[in-house]
Amino acid sequence: MSHEIMTAPGDTISARPANMWRDAGRDILAQRSAQVGLVILSALFAIALAAPIIAVHEPNDPVGIAEGLTAQQRGPCIRLLGCPEERPEHIFGVDRNGRDVFSRVVHGARVSLWIGFATVGFAIFVGTLLGSVAGFAGGWIDNLIMRLMDVLLAFPALVLAIAIVTVLEPGLVNAGLAIGVVAIPIYARVMRASVLSIKERDFVTASRALGESPSGILLRRIVPNALTPLIVQGTLGIASAILDIAALSFLGLGAQPPLAEWGSMIGLDRNQLFTDPHLILIPGVALSLSVLGFNLLGDGLRDALDPRLNR
Amino acid sequence: MAAPFRVSASRSSGYTPAMLRFITRRVLLTIPVLIGIVFVVFAVARILPGDPCKAALGERATEARCALFRERFGLDEPIPVQFGIYLSDLSRGDLGTSISQGVPVSDMLVQRLPLTLELTFFALALAASLGILLGVAAAARRNSAVDVATMVGANLGISTPVFVLGLLLIFIFAVVLRDTPFVLPPGGRLTAGVTIIPLTESWGLTELEGPLRIVVDFFSNMYLLNSLITGQWEVLGDALRHLILPAVALATIPLSIIARITRSSLLDVLGQDYIRTARAKGLSEQRVVLRHGLRNAILPVVTVIGLSLGSLLAGAVLTESIFGLTGLGRTITDAVLARDYAVVQGLTLVTAVIYVLVNLIVDISYGYLDPRIRLQ
């Protein structure tokens with residue numbers, strides 16, 4: 001008898017997630033914004049992965065100087081659009097230092113994706129931990145953690161990140177860390193809300209009655225059920241992390257030269273706007289497209305996974 | 001019987017006591033947050049690695065000079081003592097002295113905050129008015145060309161960084177359109193040769209001293225306000241022309257978010273039964289959407305407008321840097337690069353306090369907009 005009871009819910013649990021994820025996948029793919037977002041991000045990931053193959057030059061190689069290009073010849077030169085045979089082809093042109101912009105933009109995709117994921121991963125890890133502890137423990141621990149989160153949320157994110165970068169010294173990793181710290185309260189709040197709504201449910205009470213440890217309940221029962229809002233928030237969070245890190249790099253507080261990072265490329269060549277606008281526009285478009293991709297996918301995920309928004 | 005009677009009694013005596021209780025509670029809840037902000041700002045600034053003396057006086061500064069420097073700015077005291085001194089200074093309105101420039105941070109604030117406030121509120125007004133207008137138009141004509149264009153535009157707007165958009169606007173309006181009437185200045189506050197007369201001169205208050213002088217100087221540095229109230233029309237037009245591009249660049253992200261929230265909130269409301277009733281009564285579509293729909297859909301929009309101030313204050317750092325405007329944001333960036341403890345600390349604190357206070361006002365406005373909130 002007890003054997004049947006133990007196995008029956010097990011069967012149900014093992015059958016459910018497969019259907020749930022399949023249904024969720026179908027719902028996500030039915031969203032137009034998610035479709036567009038996925039196309040953009042697939043292209044971005046492919047470019048980032050294949051950067052060493054796609055990039056025709058090393059990102060920091062001053063090829064334009066070796067080729068003897070003059071200041072007037074820095075603009076994009078594409079054979080199909082009439083670039084003369086005697087001039088070397090650079091589809092996105094070269095920068096002031098003679099570096100191929102296409103190669104730098106392609107390598108920039110790697111940098112932005114890596115730092116975007118790392119930043120949000122860090123914020124989700126710490127935020128989830130703090131939110132779980134706050135929601136699970138309750139009382140003064142909950143109060144202390146959440147009031148600290150309130151204080152962090154009371155700052156305009158970029159301004160606090162700038163202050164933190166000052167502490168850590170300018171640099172890409174430190175900029176990512178600063179943006180990550182500023183984003184922690186968002187995930188802590190999401191996680192705490194999920195924990196509070198789930199911890200009194202019957203299946204959690206049942207696990208407790210069966211003698212499962214608090215950490216086991218948290219990791220096996222609560223966290224998997226709180227994943228949906230975290231995935232949605234995390235996807236949108238990558239967009240803002242890429243944007244904010246690019247902003248810090250633009251100000252000279254994030255990625256440092258000669259690293260090919262889109263924000264830093266725009267910041268360093270901003271004074272060339274009047275003579276070589278391609279140095280601003282091309283990394284700018286790459287940056288906007290990546291952020292757009294994550295925003296659209298995040299919107300699609302939210303619409304598909306949050307039943308309250310289904311209309 | 002008792003509960004409904006209590007509610008109706010409080011209503012019959014007017015909603016002032018409920019509103020007062022609501023405002024008092026909100027103000028009291030803000031105090032611990034403000035204390036937390038002071039603590040975080042102090043903690044962040046004082047655990048800075050590196051030597052502020054070498055940063056301010058140069059790498060070749062002798063140990064003797066550095067000792068004098070640390071003593072002068074209280075950097076040789078233990079951290080708890082420094083915090084005590086900091087709190088005591090703050091209570092007297094003293095935000096410290098810039099290590100790199102040697103001027104009080106409060107003086108820098110009087111000179112530079114007005115520009116940031118003017119830029120931020122101009123951008124906020126632009127974002128709120130256009131955002132609500134576009135959101136309403138999109139919701140009222142769901143799935144039409146207006147709706148699709150607004151939502152595509154909003155998605156692009158949210159995804160375009162302020163600094164890319166700012167540079168793009170400079171390129172279009174200062175380079176591409178330079179020989180047309182649509183040309184706009186690429187930076188600065190006023191054209192060379194155009195000068196603004198300070199309020200102290202306009203009002204014959206050149207002898208004014210003390211806190212009143214600071215207040216008058218503060219408003220004097222708000223060029224739009226100053227030129228408007230003193231009738232300096234040429235300066236007003238010039239200052240406005242200089243503010244358009246930065247404000248548009250700064251407003252685009254909040255504008256896009258406001259348009260999206262207005263649309264989705266209004267669509268929610270337009271699906272309610274009472275809207276069907278309003279339509280069945282024969283009310284015009286305009287009246288249904290604006291009076292019955294928007295009025296009930298505005299609360300989440302107000303929340304977003306309040307929260308937008310955060311992105312506007314942060315965006316101002318970038319906008320000021322692009323358009324060569326010496327406001328609060330640019331001063332913070334310069335201070336970070338110069339490792340100027342006092343300036344980073346003071347200006348981050350002021351920015352956070354402005355943000356918290358504006359959100360307090362937004363919270364209080366909920367009580368006016370939705371009576372259910374103040375009765376909770």
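Biologist: Leaving aside its neighbours within four places in sequence, which residues is B:Phe219 in contact with?

Modeller: B:Phe219 is in contact with B:Leu199, B:Leu225 and B:Asn226. Two residues are in contact if their C-beta atoms, placed from the backbone, lie within 7 Å. Note that this is a predicted model, where local features need pLDDT of at least 70, side-chain atom pairs count only at pLDDT 80 or more, and totals for chains, interfaces and linings use all residues. Residues are numbered from 1 along each chain as its sequence is written, while chains are lettered from A and ligands numbered from 1 in the order in which they are written.

Biologist: Which helix does B:Phe219 lie in?

Modeller: B:Phe219 lies in helix α10 (residues 210-220) of chain B. Helices are DSSP runs (H or I, at least four residues), as are strands (E, at least two), and they are numbered from the N terminus.

Biologist: Why does B:Phe219 count as partly exposed?

Modeller: Because B:Phe219 has 14 C-beta neighbours inside 10 Å. A residue is buried if 20 or more other C-beta atoms lie within 10 Å of its own, exposed if 12 or fewer, and partly exposed in between, with C-beta atoms placed from the backbone.

Biologist: How many helices and strands are in chain B?

Modeller: Chain B has 17 helices and 0 strands. Its C-alpha trace spans about 85 × 70 × 45 Å along the principal axes. Of its 376 residues, 38% count as buried.

Biologist: What is the mean pLDDT of chain A?

Modeller: The mean is 87, and 92% of the residues of chain A reach 70 or more. pLDDT is the predictor's confidence in each residue, from 0 to 100. Where pLDDT is low, the predicted coordinates should not be read in detail.

Biologist: Changing topic. How many residues does each chain give to the contact between A and B?

Modeller: The contact takes 39 residues from chain B and 36 residues from chain A. On the side of chain B that touches chain A, the largest share comes from α8(B), with 7 residues. That side of chain B divides into 29 nonpolar, 9 polar and 1 charged residues. Ala, Val, Leu, Ile, Met, Phe, Trp, Tyr, Cys and Pro count as nonpolar, Asp, Glu, Lys and Arg as charged, and the others, Gly among them, as polar.

Biologist: Is α15(B) mostly covered or mostly exposed?

Modeller: α15(B) is mostly covered, with 8 of its 10 residues buried. Among them are B:Leu328, B:Ile332 and B:Val336. The buried residues of α15(B) pack against α7 (157-168) of chain A, together with α6 (105-140), α14 and α16 of chain B.

Biologist: Which residues of chain B is A:Val159 in contact with?

Modeller: Leaving aside neighbours within four places in sequence, A:Val159 is in contact with B:Leu313, B:Ala314, B:Val317, B:Ile332, B:Thr348 and B:Thr351. A:Val159 is also one of the residues that touch the most other members of the largest nonpolar core, which has 165 residues. Such a core is a set of buried Ala, Val, Leu, Ile, Met, Phe, Trp, Tyr and Cys residues joined through C-beta atoms within 7 Å.
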